[in-house]
Amino acid sequence: MIELLAKLVAVSGVSGNEEKIAQVINEEIKAYVDEIKTDAMGNLICIKKGTEKRIMLAAHMDETGVIVTHIDDNGFLRFSGMGGINHFYSLHQKVEFYNGTIGVISYEEQVENLKDLKPEKMYIDIGVRTREEARKKVGIGDVAAFVGTFAVNENMVISKALDDRAGCAVLIETARALKDNNNEIYYVFTTQEEVGLRGAKTAAYAVNPDLAIVVDVTNPGDTPNAKPSLLKIGNGPIIKIMDRASIIHPEMKELLINSAKALNMNYQLKVATSGGTDAGAISVSREGVPTASIAVPCRYLHSPVEMIDINDAINAAKLVEKAIYKL
Ligand code: CO
Ligand code: ZN
């Protein structure tokens with residue numbers, strides 16, 4: 001799965017600009033499904049025909065990034081975050097526009113105290129001297145993704161965009177494993193999750209599933225000084241009981257826990273008071289959809305150095321597969 005993940009993070013897919021990553025996913029999944037559609041929101045909906053239940057599996061393909069709001073006389077760009085970017089993490093990072101232009105995020109003055117960091121004092125430097133020069137490379141409304149090289153320490157993967165290309169890789173793996181399953185399975189790669197679960201909303205309406213499972217990443221809180229948490233990277237997929245956007249459906253909770261037990265697989269349970277996944281949008285679509293959310297533990301979320309244990313992603317795929325066979 002590491003090789004697949006490397007391909008998926010190599011392409012930019014800032015919210016609202018997911019065409020390129022959709023193309024890459026299309027290539028990777030097409031052998032395992034019968035039909036692929038793209039809706040007006042840009043969601044990639046891949047259908048494996050079947051006669052039993054309609055199942056929606058979702059992972060978002062967009063990633064956080066920046067959008068240009070203003071270009072000054074000297075060619076420096078002001079920007080706004082696309083999705084919940086962390087301004088501390090963003091300082092002195094490289095970003096890449098879709099035409100390949102690289103920029104550096106810097107700050108108007110020396111930052112003495114990170115507490116005083118003001119997003120409006122940050123700018124992107126693309127190495128030009130005038131607005132005219134800048135305009136040749138970048139325009140207002142152009143988006144850029146963070147640059148974060150893909151690196152591997154044995155089973156640990158470090159990269160930008162693991163949120164949520166890890167989930168996309170899990171779905172592709174699942175599609176490969178479920179090629180001969182009798183259910184009608186919709187692998188949905190959603191858009192605009194990072195700006196408010198928007199793609200999932202229209203996709204869930206169109207698919208009208210009997211049940212849904214979302215695969216995303218979540219912070220385990222296992223690094224020094226993090227809030228106390230028993231969750232750990234490498235300890236298995238996390239079944240999210242609750243977050244700000246959704247609560248797991250009781251039957252889905254039972255299904256997932258029983259599936260993990262049947263596989264003799266380590267799993268973790270998380271109750272979060274913040275954050276949310278596409279499960280929030282899907283669970284309340286139409287008359288309501290029994291929905292669960294599985295997360296791959298991921299450190300340093302929304303940074304160019306996100307970190308996961310690939311075994312958690314591999315096990316997440318096995319867990320989804322088992323759950324569907326158990327239906
Ligand atoms: Co995210
Ligand atoms: Zn995510």
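This is a predicted model: local features need pLDDT of at least 70, side-chain atom pairs count only at pLDDT 80 or more; totals for chains, interfaces and linings use all residues.
Residues are numbered from 1 along each chain as its sequence is written, chains are lettered from A and ligands numbered from 1 in the order in which they are written, and side-chain values use heavy atoms, with hydrogens and water left out.

View 1. The largest cavity has a volume of about 80 Å³. On a 1 Å grid over the protein atoms alone, a cavity is a set of points where a 1.4 Å probe fits but cannot get out, a pocket is an open set with protein on both sides within 12 Å along at least five of seven lines, and lining residues have an atom within 4 Å of a point. Grid points are joined across faces, edges and corners, and a volume is the space filled by probe spheres set on the points. Among the residues that line the largest cavity are Glu63, Thr64, Lys160, Asp163, Glu194 and His302. By class, this lining has three nonpolar, three polar and five charged residues, where Ala, Val, Leu, Ile, Met, Phe, Trp, Tyr, Cys and Pro count as nonpolar, Asp, Glu, Lys and Arg as charged, and the others, Gly among them, as polar.

**View 2. The largest pocket.** The largest pocket has a volume of about 930 Å³, and of the 35 residues that line it, the closest to its centre are Thr218, Asn219, Lys270, Ser274 and Leu301. Strand 13 (211-218) and strand 15 (268-271) each supply at least two residues of this lining; helices (H or I, at least four residues) and strands (E, at least two) are DSSP runs, numbered from the N terminus. The classes in the pocket lining are 13 nonpolar, 14 polar and eight charged residues.

**View 3. Helix 2 against helix 5.** Helix 2 (residues 19-29) and helix 5 (residues 162-177) pack at an angle of about 25 degrees, with their axes 10 Å apart, which makes helix 2 roughly parallel to helix 5. Axes are lines fitted to C-alpha atoms, for helices over the stretch in contact, and angles run from 0 to 180 degrees between N-to-C directions; those under 35 degrees count as roughly parallel, over 145 as roughly antiparallel, 65 to 115 as roughly perpendicular and the rest as oblique. Ile21, Ile25, Glu28 and Ile29 in helix 2 meet Arg165, Cys168, Ile172 and Ala175 in helix 5, contact meaning heavy atoms within 4.5 Å. This contact has six nonpolar, no polar and two charged residues.

**View 4. Helix 5 against helix 9.** The axes of helix 5 and helix 9 (residues 310-326) come within 9 Å and cross at roughly 45 degrees, so helix 5 is oblique to helix 9. On the side of helix 5 the contact is made by Val170, Glu173, Thr174 and Ala177, and the residues of helix 9 include Ala313, Val320 and Tyr325.

View 5. Asp163 and Asp164 are joined by a cis peptide bond, with omega about 5 degrees, and Asp164 is found in helix 5. Gln192, in the loop between strand 12 (184-190) and helix 6 (198-207), has a phi near 55 degrees, a positive value in a residue other than glycine.
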